[in-house]
Amino acid sequence: MTDVSKPLIEAKNFSLRVPVITAKESGLMRNPLQLVGDFYFSRKVRPKANLLEDVSFMQQPGERLGLIGANGAGKSTLLRVLAGIYAPSSGKLEVNGSAKGLFDISLGMHPDATGLENIYLRGLQMGLGLKAIRSLIPDVMAFSELGEHIGKQLATYSTGMRLRLAIAVSTMINPDILLLDEWIGAGDERFNAKVKERMMGLVDGSRGLVLATHNVGLMKTFCTHGMVLDRGRLAFYGTLSDAQKFYSSEILNKKTN
Amino acid sequence: MSFIYLSYFSFVLRYRRTSLGPLWILVGPSLFIFFIGLLFAEIGTAQPEVFIPHLAVGLITWTMIGGVIVASATVFKRSRPQILQGTLSLERIVAVEVTTTLLSFMHQLPIVLIIFLIYGIGLNWIALESFLGLGLLVANGVWVSYVFGILGTRYRDLVEIFNALMRLAFLATPIIWMPGEGMRGGVMAAALIYNPFYHFVEVIRAPLLGQSPALLSWEVVFGFTAAGFLAAWFLKKRYARLVPFWL
């Protein structure tokens, strides 16, 4: 299904426009007839927010893309579009292969379930089968260093233990394109080194990476290419050093002027 | 099929650290049936061997119907992190939700079994029709969760409206009363055929009590199923992509 020669991501003039809904309009009681109105007139009347506008780029296999931009430029939104969470409202976006994100690592953990059950719970949510999860358990156990605590309820864990399990479980995925919104860090130094090693393995195992971070050093370590986003528009796409130069000269300088 | 395991988890984890575990869901209905049965036996308006089985099947069927409807308005809101992470699709969330409710329903069936044994109610071939009824009820649970899940995400009032109305609907549906059995259905009995919940309860209850449901009941249930899935299809096409923004 995944053609190796094809570009990983092919985006042609795609936009993400979303009708704006104010908190007032979420109430039905204020104006019950609104429901009817919403159904018939939604397309014409509502103002739209342009979250991403006219984005075109092509990510080739092996390219590791860093997203550069100020807060609110659309980095996380773009990642979510690539992960298939937000659907583009116009234009074309083709993602060749599985794109999965590590956005919220402690997602879907249940405090009343044991560590082991949480591994299953998360694995199932990520779409893994029971067999696949079972085969990953030794690895998760080794990485999280929980030992016998794995049979205890998550609520009894310390913050560090919980985080270790969360990271171990979140990194069970093995996608073609890895999407990262900020780097995953974890308190103590020794463990941080381990996390870094694991993340490197994950990046190496994937055919492409899209990373959004404000950490310039990190981006230099991992990314080959850079995309500069400015208020929902693609301002630059090219090698990482060019992108970083463009960002500091064109975007940052303009803002200070 | 992973949604079945996920349902199992959400079902079991709900009762984690309780002493009775999932057996707790037997306690509420049992007490309710016992005391309502006792009360009506005292009033002497119905024969217990007719009324109690009617009450038992009606009550656990209603628990499923009402449960699905009220929960539907918040089904996507409760799974906000999973939706925003992209791990669970709307369809899978609905599948987990409906399967979990079905698990609770099946967990309550021993109550019915015990009551049928106590009152010596035998099952005949007609009882098999209730499988069709249950199947349709589950199918309706799917579209209800999907449709009201989307609407409830957009309009936060929906869950409160459902909460308020379902209590009335419970009283308007013959569960703690019987139509035309001297149980004084009154105004409600006359309007019964316009109450869709009555038909949904009937397609499960009537066969178990040895009677085929009226043709009208099947028609209403099939009609709702078709119309509901049509609505779900429409909403999916037009609004499903907006759900992550509304959350």
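**A walk through chains A and B**

A:Arg231 lies in the loop between β8 (225-230) and β9 (233-239) of chain A. Strands here are DSSP runs (E, at least two residues), as helices are (H or I, at least four), and both are numbered from the N terminus. Before going on, a word on the model. It is predicted: local features need pLDDT of at least 70, side-chain atom pairs count only at pLDDT 80 or more, and totals for chains, interfaces and linings use all residues. Residues are numbered from 1 along each chain as its sequence is written, while chains are lettered from A and ligands numbered from 1 in the order in which they are written.

Back to A:Arg231. It is not a glycine, yet its phi is positive, about 45°. Most residues other than glycine have a negative phi. A:Arg231 counts as partly exposed, with 15 C-beta neighbours inside 10 Å. On the scale used, 20 or more other C-beta atoms within 10 Å means buried, 12 or fewer means exposed, and in between is partly exposed; C-beta atoms are placed from the backbone.

Next, A:Glu145. It sits in the loop between α4 (130-144) and α5 (159-170) of chain A. A:Glu145 is partly exposed, with 14 other C-beta atoms within 10 Å.

Now the domains. Chain A is divided into domain 1 (9-98 + 214-256) and domain 2 (105-209), with bounds from an automatic or database domain assignment. How many residues does each domain bring to the contact? Domain 1 of chain A gives 17 residues and domain 2 of chain A gives 10 residues. Contact means C-beta atoms, placed from the backbone, within 7 Å. On the domain 1 side, β3 (64-68), α2 (75-82) and α7 (216-222) of chain A each supply at least two residues. The largest share of that side, 3 residues, comes from α2(A).

On to the largest nonpolar core. That is a set of buried Ala, Val, Leu, Ile, Met, Phe, Trp, Tyr and Cys residues joined through C-beta atoms within 7 Å. It has 116 residues, and A:Leu82 and B:Ala56 are among those that touch the most other members. Helix α3 (residues 48-72) of chain B gives the largest share, 13 residues. Leaving aside neighbours within four places in sequence, A:Leu82 is in contact with A:Ile9, A:Val95, A:Ala99, A:Leu179 and A:Val210.

Last stop, B:Arg205. It is in helix α10 (residues 196-208) of chain B. Buried or exposed? B:Arg205 is buried, with 26 other C-beta atoms within 10 Å.

Methods:
Two residues are in contact if their C-beta atoms, placed from the backbone, lie within 7 Å.
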